[in-house]
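Here are a couple of exercises to work through with the model open. Try each task before you read its solution.

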Protein chains: 2
Amino acid sequence: MLEDKNQKKTSIAELGEFGLIDHLTKNIQITQESTIKSIGDDAAVLDFNNKKVVISTDLLIEGVHFDLAYMPLKHLGYKAVVVNISDICAMNATATQITVSIAISNRFPLEAVEELYEGIQLAAKTYNVDIIGGDTTSSQKGLIISITAIGESNLDEIVYRNGAQPNDLLVVTGDIGAAYMGLQVLEREKQVFQVNPNNQPDLEHYSYLIERQLKPEARKDIKELLSKLEVKPTSMIDVSDGLSSEILHICKQSNVGCNLYEDKIPADPQLINVCEEFNIDITTIALSGGEDYELLFTIKMDDFDKIKANPNFTVIGHITEEKEGIHLITRANTKIPLKARGWNSLSEK
Amino acid sequence: MLEDKNQKKTSIAELGEFGLIDHLTKNIQITQESTIKSIGDDAAVLDFNNKKVVISTDLLIEGVHFDLAYMPLKHLGYKAVVVNISDICAMNATATQITVSIAISNRFPLEAVEELYEGIQLAAKTYNVDIIGGDTTSSQKGLIISITAIGESNLDEIVYRNGAQPNDLLVVTGDIGAAYMGLQVLEREKQVFQVNPNNQPDLEHYSYLIERQLKPEARKDIKELLSKLEVKPTSMIDVSDGLSSEILHICKQSNVGCNLYEDKIPADPQLINVCEEFNIDITTIALSGGEDYELLFTIKMDDFDKIKANPNFTVIGHITEEKEGIHLITRANTKIPLKARGWNSLSEK
């Protein structure tokens with residue numbers, strides 16, 4: 001639907017594996033001081049001095065994690081990097097390098113891979129990370145992207161999932177739910193397109209939701225912001241599978257309970273409108289949608305004054321003793337046990 | 001052909017993504033001092049003190065890199081780890097951690113993934129590396145494995161591909177070509193099996209070749225050995241794509257030429273016999289076969305005395321000025337330009 005059918009097509013087989021790698025990586029710039037040796041050897045070499053190294057990895061599969069019918073390749077490349085950097089941000093660390101492996105079936109011409117790589121390089125530039133290696137191969141079916149993100153941090157700045165304590169406040173950055181509704185809008189448009197390919201969709205009313213889905217950003221600003229405010233979270237996670245699932249991770253690993261207040265969950269006005277249009281409950285979307293890539297964290301109650309005036313943060317609940325359980329307090333003031341209903345790539349198949 | 005058709009089958013969907021990860025990782029032990037935080041958070045945290053960090057990554061796709069018709073899953077898991085550790089060894093570094101991502105289609109029951117993971121854990125134990133993270137998801141087709149290996153080294157011990165100098169000696173560890181012929185034997189047996197499934201193959205005469213294909217080992221012993229002999233290679237690479245391709249990498253990156261002597265290339269007696277049986281030229285196999293995971297390196301001529309008595313090493317050529325080119329000197333003393341004919345996963349599709 002977003003594809004230009006008249007694009008030039010060069011077969012990748014003409015280039016070969018090494019030719020393709022050379023072609024894609026020839027313009028890659030190294031900016032991180034910690035990168036000693038980048039692409040071109042058996043492995044990359046990094047120097048973090050006395051800082052700790054933080055590593056996270058993700059595997060994205062066409063048809064499972066993304067649909068090229070509405071995901072332009074450049075956006076896909078960008079997003080693939082962002083979701084990994086988000087994991088580094090969730091440790092309160094700073095992303096410094098990525099490795100990028102891609103497998104492509106022979107239906108992809110060189111120009112498609114270039115577009116994907118353009119998005120990857122744009123994200124690397126935006127987030128100031130070096131592309132230091134990877135692998136390029138063919139797949140039997142579809143596109144596969146595997147990214148490993150590497151970051152650095154002083155040990156005393158790293159925040160784990162397991163440090164939440166009773167009476168801590170539960171805080172989330174930005175707003176929640178928009179990315180998932182963006183996906184619903186795109187799915188609907190895809191169906192309209194299949195019925196009538198000449199239909200020109202008017203997506204203006206959905207622009208924020210679609211951007212959150214197609215071009216999410218990782219909250220790399222939060223580490224610095226919290227540091228300026230002199231707040232160190234007691235636990236932290238990024239919101240990739242929906243609020244429910246992330247709250248359960250923090251509570252399970254910290255051995256605590258939680259009360260989440262439905263009326264506090266931050267939502268963009270566009271999300272509120274579109275949930276009405278689709279007749280979908282906005283809280284369900286926030287709890288189970290996912291792909292927000294906001295940060296969810298807990299802070300000591302004493303730190304509340306330091307963050308309360310900052311528009312980046314919303315207090316959405318508080319931590320309780322483990323035995324009190326994990327609950328959503330609804331607008332009607334009912335207490336409902338919170339369940340993981342996050343996106344599950346295995347059980348959906 | 002090596003599959004037990006009566007095995008118990010448990011659907012992975014029953015477990016869900018987090019259940020599967022918990023199930024697979026519950027017995028994972030951490031042994032590396034540098035691993036501060038392993039599986040279970042947004043990212044792993046590592047501490048290398050003053051050592052440098054070495055990182056390499058590989059993406060393995062069913063039907064492109066392996067065939068489950070003759071590759072038992074446990075061996076596949078083992079090999080997937082080994083090929084990545086081999087890249088760390090090729091930097092003259094010590095592997096310390098791996099991340100393991102797998103994507104599986106719904107044709108795989110839980111028991112299959114367990115078997116794969118058993119091999120992965122066996123390799124991790126054998127090579128003393130910690131499994132510190134990864135991703136588990138579904139695929140639309142087949143099995144996909146993405147492994148990132150992390151290692152450490154002092155800066156002055158790291159060996160790149162680009163340090164070879166004219167008059168250096170070209171040295172290879174172990175023997176070359178067996179893994180590729182192992183693959184030919186297995187391919188032949190697969191065809192026999194397809195014609196007559198009751199045929200019981202007698203693979204005794206091919207045991208070494210098959211082991212080299214199905215259960216290769218990375219030369220993690222070489223770093224220590226070279227250090228004891230007080231030899232620091234001037235350049236190094238691992239033999240994954242065949243001798244030709246690796247020699248060309250070293251020469252291209254070091255801006256040198258090379259003479260490789262056909263009669264010096266080390267071959268196992270079993271390989272010699274089987275090449276005769278298959279009527280295949282053994283030098284072609286050594287040059288273009290690949291998957292040997294031996295180390296190819298260059299040393300200063302002055303270091304020859306230190307390595308000449310060691311059965312792990314064979315001098316197979318010497319480095320020349322760039323303008324002299326890269327040649328194979330045949331048994332008949334003819335000079336043939338060396339070309340990259342290594343295994344290319346892209347152009348084969």
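**Exercise 1: the chain interface**

Work out which residues and contacts make up the interface of chain B and chain A.

*Solution.* Start with the contact (heavy atoms within 4.5 Å): 72 residues come from chain B and 71 residues from chain A. This is a predicted model, where local features need pLDDT of at least 70, side-chain atom pairs count only at pLDDT 80 or more, and totals for chains, interfaces and linings use all residues. Residues are numbered from 1 along each chain as its sequence is written, chains are lettered from A and ligands numbered from 1 in the order written, and side-chain values use heavy atoms, leaving out hydrogens and water.

Next, get the buried area (accessible area, 1.4 Å probe, that two parts lose on being put together, summed over both): about 5700 Å², with 55% from carbon and sulfur atoms.

Now look for salt bridges (a Lys or Arg side-chain nitrogen within 4 Å of an Asp or Glu carboxyl oxygen). The rule finds six across this interface. In one of them, K52(A) pairs with D47(B), with the closest N and O atoms 3.1 Å apart.

**Exercise 2: inside chain A**

How far apart are the C-alpha centres of domain 1 and domain 2 of chain A, and what joins these domains?

*Solution.* The domain assignment (automatic or from a database) gives domain 1 (12-157) and domain 2 (169-337) in chain A. Their C-alpha centres lie 26 Å apart. Together they bury about 2000 Å², 57% of it on carbon and sulfur atoms. Finally, three salt bridges cross this interface; K79(A) forms a salt bridge with E291(A), closest N and O atoms 2.7 Å apart.
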